[in-house]
Amino acid sequence: MSIDLKTIKHISKLSRISVNEKKAEKLAGDLNSIFEFIEKLNELKTENVEPLTSVAETTLKLRSDKVNSKNLREQIIKNSPQENEDYFVVPKVIE
Amino acid sequence: MSDITKQSLSELIKNIKDKKLSSTEVTKAFVERSEKSKELNAYVTDDFSAAIDKAKRFDEKPNLDLKLPGIPMAVKDLFCTKNIKTTAGSKILNNFIPTYESTVTQNIWNEGAILLGKLNCDEFAMGSSNETSFFGNVQNPIDKDLVPGGSSGGSSSAVAAQLTPITIGTDTGGSIRQPASFTGIVGLKPTYGSCSRYGIVAFASSLDQAGPMAQNVKDCALLHEVISSYDEKDSTSIDFKRNNYSNELTNNIKGKKIGIPKEYRVDGMPKEIEDLWKKGIDYVKDCGAEIIDISLPHTNYALPTYYIVAPAEASSNLARYDGVKYGFRADGENLIDMYEKTRSEGFGAEVQRRIMIGTYVLSSGYYDAYYLKAQKVRKLIKNDFDEAYKKVDAILTPSTPSSAFKIGEKTNDPVSMYLNDIFTVPVNLAGLPGISIPAGHDVKGYPLGLQIIGKAFDEQNLLNIAFAMEEKINFKNKITDWWIK
């Protein structure tokens with residue numbers, strides 16, 4: 001299998017990371033060598049194996065559905081890149 | 001008292017409790033040495049003056065019943081610390097000041113310790129040499145231009161160089177044990193679920209664990225008992241009976257069964273690693289333990305599995321860095337353009353590479369072939385360990401396939417960098433505890449480590465074996481202070 005530039009562009013779009021031509025070529029090279037290494041898994045037959053989703057073999061604990069934090073608005077907004085006391089601000093979305 | 005920074009954690013605690021040293025004296029000693037050690041680049045952010053103030057306040061009303069009374073320590077910059085910048089080694093978090101504290105660090109401050117500062121690490125803990133950090137390489141105090149390992153490279157460098165008596169790191173595929181091995185110190189990766197992940201910048205959530213790094217096994221045991229706790233805020237935290245690991249530490253390991261997995265004899269492994277392993281086997285025999293040959297047949301599939309599972313989880317975890325809620329933002333013509341530029345400029349090359357791998361293996365049409373396949377192989381790897389633990393109490397292996405390498409030596413070849421974690425990755429995939437202890441030197445005088453892998457939640461047994469071996473090995477780290485002018 002080989003990952004071509006078109007695939008790189010597609011993944012870059014999905015992951016919201018812009019790549020120029022030069023970077024895309026470098027990434028294609030890197031990803032191809034990594035996937036060549038990953039292909040080793042195909043040596044194994046796994047049809048009858050249950051996938052492992054968590055090593056902790058416990059069921060998730062339930063807790064009561066109660067609010068235990070006070071008003072955190074100020075703390076939450078504090079680190080936002082564009083300052084506004086009430087909202088997160090993003091570039092205009094509606095024309 | 002001279003040479004304060006040369007003392008182990010246990011010695012410092014004793015001297016503070018016996019009132020031979022004050023917290024202020026100890027804190028000032030580590031601050032002074034840290035200030036003289038800037039060349040190592042171990043710190044991303046220091047909090048030295050606040051640390052000295054806290055030490056003075058501690059001395060005014062010392063509570064000597066605490067486990068870490070007035071002990072200064074620096075922590076990996078992956079733990080959120082309230083009101084102290086937390087970067088995860090990334091440009092994208094370069095201005096991030098958490099408004100809350102991680103559970104693990106909170107446990108440490110509750111026992112009387114004092115924050116010295118935040119230690120350098122690979123960006124989002126993705127790396128094996130600390131070279132992916134936005135804040136630059138970290139020097140290994142063993143030798144100039146040598147990597148300290150990664151991702152907890154600032155942590156290993158700082159403990160080995162005695163800039164902090166102990167520290168905490170995180171380990172997703174070997175990020176505590178490999179740097180501990182490269183710098184001649186002890187590093188423990190606890191059982192998955194032992195230490196809360198709350199407030200730790202997430203990399204791969206099914207693999208990430210915090211753990212202690214120290215000069216010796218006893219210090220490591222003490223710090224582990226402080227940080228290990230059940231936490232409602234982490235849904236994968238496990239409620240089990242935790243020991244007072246340091247109190248119950250014993251070098252009596254007579255009759256313990258130690259497994260030697262034949263699959264860890266990898267092609268091209270240097271003879272000195274093979275010899276070190278043999279020496280390790282002799283040490284445990286000397287302690288009265290029994291050696292049993294075992295097989296972990298899927299060992300060779302661990303790294304390929306890891307390089308699907310970890311990037312997949314990372315690509316999902318790192319989706320939160322969008323330039324909106326916190327962190328770095330690049331200007332864009334519209335919302336999508338802003339996202340794409342923010343992530344392209346904010347993340348480094350290795351992080352972008354892993355997000356891309358993760359996105360690909362989770363994308364439509366490839367999920368079954370890669371991600372599901374990897375989860376199935378992960379099950380086989382865990383089954384190997386379950387099978388082995390029917391016959392043995394613990395497993396002994398080398399920590400790494402080589403000693404520390406030079407800065408720049410592996411940066412252009414991601415796969416050769418990944419191969420460094422060949423002995424540590426299976427432990428994370430199976431959720432087991434593992435410890436690296438310094439066990440010897442190679443021909444260049446660089447430290448080499450041995451790894452002991454335990455049963456889940458059996459940290460006590462693991463620490464006991466490490467403690468018994470440490471006594472036999474009698475390792476001395478060769479630190480010359482070359483970086484202090």
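Q: What makes a helix span "expected"?
A: The expected span of a helix is 1.5 Å times one less than its number of residues. Helices themselves are DSSP runs (H or I, at least four residues), strands are too (E, at least two), and both are numbered from the N terminus. Now take α10(B): with 12 residues, it reaches 16 Å from its first C-alpha to its last, close to the 16 Å expected at 1.5 Å a residue.

Q: What kind of model is this, and how are things labelled?
A: It's a predicted model, where local features need pLDDT of at least 70 and side-chain atom pairs count only at pLDDT 80 or more, while totals for chains, interfaces and linings use all residues. Residues are numbered from 1 along each chain as its sequence is written, with chains lettered from A and ligands numbered from 1 in the order in which they are written.

Q: Why is Val361(B) called buried?
A: A residue is buried if 20 or more other C-beta atoms lie within 10 Å of its own, exposed if 12 or fewer, and partly exposed in between, with C-beta atoms placed from the backbone. Val361(B) has 24 other C-beta atoms within 10 Å, so it counts as buried. This residue is found in helix α11 of chain B.

Q: Which residues is Val361(B) in contact with, leaving aside its neighbours within four places in sequence?
A: Contact asks for C-beta atoms, placed from the backbone, within 7 Å of each other. On that test, Val361(B) is in contact with Ile308(B), Pro311(B), Ala312(B), Tyr366(B), Tyr370(B) and Tyr371(B).

Q: Which residues of α10(B) are buried?
A: They are Met338(B), Tyr339(B), Glu340(B), Thr342(B), Arg343(B) and Gly346(B).

Q: What makes β6(B) largely enclosed by the rest of the structure?
A: 6 of the 6 residues of β6(B) are buried, so the strand is largely enclosed. Gln209(B), Gly211(B) and Met213(B) point one way, while Ala210(B), Pro212(B) and Ala214(B) point the other way. In a regular strand the side chains alternate between the two faces of the sheet.

Q: How do you know that β6(B) pairs with β4(B)?
A: Two strands pair if DSSP finds at least two bridges between them. Here 6 bridges join β4(B) to β6(B), and the strands run antiparallel. Thr170(B), for instance, stands opposite Ala210(B) in β6(B).

Q: How many bridges does β6(B) have with β5(B)?
A: There are 2, in the antiparallel sense. Gly187(B) stands opposite Met213(B) in β6(B).

Q: What is the strand order of the open sheet in chain B?
A: Its 8 strands go β4-β6-β5-β10-β11-β9-β7-β8, with mixed pairing. Why "edge" for β4 and β8 of chain B? Each pairs on one side only. The twist averages 30° from one strand to the next.

Q: What makes the unit of β7(B), α8 and β8(B) right-handed?
A: A crossover is right-handed if, with the strands pointing away from the viewer, the path from the first strand over the helix to the second runs clockwise. The β-α-β unit made by β7(B), helix α8 (residues 271-286) of chain B and β8(B) is of that hand.

Q: How many residues of chain B are in contact with chain A?
A: 52 residues of chain B are in contact with 37 residues of chain A. α12(B) gives the most to this side of chain B, with 10 residues.

Conventions
Contact = placed C-beta atoms within 7 Å. Axes fitted to C-alpha atoms, helices over the stretch in contact; angles between N-to-C directions.
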